[in-house]
Amino acid sequence: MKVNTQSVNFVADKKLIDFVQVKLDKLDQFFDKVIRADVFLKVDNTSEKENKIVEVKLSVPGDSFMVKKQCRTFEEGVDLAQQSLERLLKKRKEKLRAHA
C-alpha cells in the first residue's frame, strides 16, 4: 500500500514517517484491497497538551475512510487511527462477505 505522509506547520523526521508507514502497512492484514493512505500530521497552535492532530484518509475500491485523532504525541495518534481503521476495514470485509 502507498502511504503519502504530509506534515503541516512542522517538518516530520524520517523516524516518524517510517513509524506511520509500518503502522499502516499492518492494515493490509485485515483488508488486502487497500489502495493508498493519505496521512496528514498537524500541530494545533494551542496551549493544550493534546495539540497533535493525525488525519488518515484510506482509499479502498469504491469507498474511502477518514479518521481524525487528537493526542499528545503523533505516535499515539497514529496508533489510535490505525486501530479505528482496522475496525472499519473488518466491518467493510464482513459486509462484502455477506453480499458475496
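Gln6 stands opposite Phe40, a residue of strand S2. The model in which this pair is seen is a predicted one.

**The sheet**

Ser7 has Leu41 of S2 opposite it, and Lys2 has Arg36 of S2 as its bridge partner. Strand S1, residues 2–8, pairs with strand S2, residues 36–43, in the parallel sense, and seven bridges connect them. Between S1 and S2 the chain passes through helix H1, residues 14–25, and this β-α-β crossover is left-handed.

On to the next pairing: S2 and S3 run antiparallel and are joined by eight bridges. One example of a bridge is that of Val39, whose partner in S3 is Val56. In a regular strand, side chains alternate between the two faces of the sheet.

Taken together, four strands make up an open sheet with mixed pairing, in the order S1-S2-S3-S4. S1 and strand S4 (63–71) are the edge strands, each pairing on one side only. On average, neighbouring strands of the sheet are turned by 15° against each other, with direction ignored.

**Helices on the sheet**

Both helices pack on the sheet, as the table shows.

| Helix | Strands touched | Angle between directions |
|---|---|---|
| H1 | S1, S2 and S3 (52–60) | about 140° with S1 |
| H2 | S2, S3 and S4 | about 150° with S4 |

**Helix against helix**

How do the axes of H1 and H2 cross? The axes of H1 and helix H2 (residues 74–99) come within 10 Å, and they cross at roughly 15°. Angles under 35 degrees count as roughly parallel, and H1 and H2 are therefore roughly parallel to each other. The crossing of these two helices is right-handed.

Which residues of H1 and H2 make the contact? From H1 come Leu16, Phe19, Val20, Lys23 and Leu24, while H2 provides Phe74, Glu75, Val78, Asp79, Gln82 and Leu85. Sorted by class, this contact of H1 with H2 has seven nonpolar residues, one polar residue and three charged residues.

**A residue of H2**

Glu86 belongs to helix H2. Along the chain, Glu86 and Leu24 are 62 residues apart, and their C-alpha atoms are separated by 9.4 Å. Which residues does Glu86 contact, leaving aside its neighbours within four places in sequence? Glu86 is then in contact with Leu27 and Phe30.

How values were computed:
Residues are numbered from 1 along each chain as its sequence is written. This is a predicted model: local features need pLDDT of at least 70, side-chain atom pairs count only at pLDDT 80 or more; totals for chains, interfaces and linings use all residues. Side-chain values use heavy atoms; hydrogens and water are left out. Two strands pair if DSSP finds at least two bridges between them. A crossover is right-handed if, with the strands pointing away from the viewer, the path from the first strand over the helix to the second runs clockwise. Axes are lines fitted to C-alpha atoms, for helices over the stretch in contact, and angles run from 0 to 180 degrees between N-to-C directions. Angles under 35 degrees count as roughly parallel, over 145 as roughly antiparallel, 65 to 115 as roughly perpendicular and the rest as oblique. A crossing is left-handed if the near helix is turned anticlockwise from the far one by less than a right angle, and right-handed if clockwise. Contact means heavy atoms within 4.5 Å. Ala, Val, Leu, Ile, Met, Phe, Trp, Tyr, Cys and Pro count as nonpolar, Asp, Glu, Lys and Arg as charged, and the others, Gly among them, as polar.
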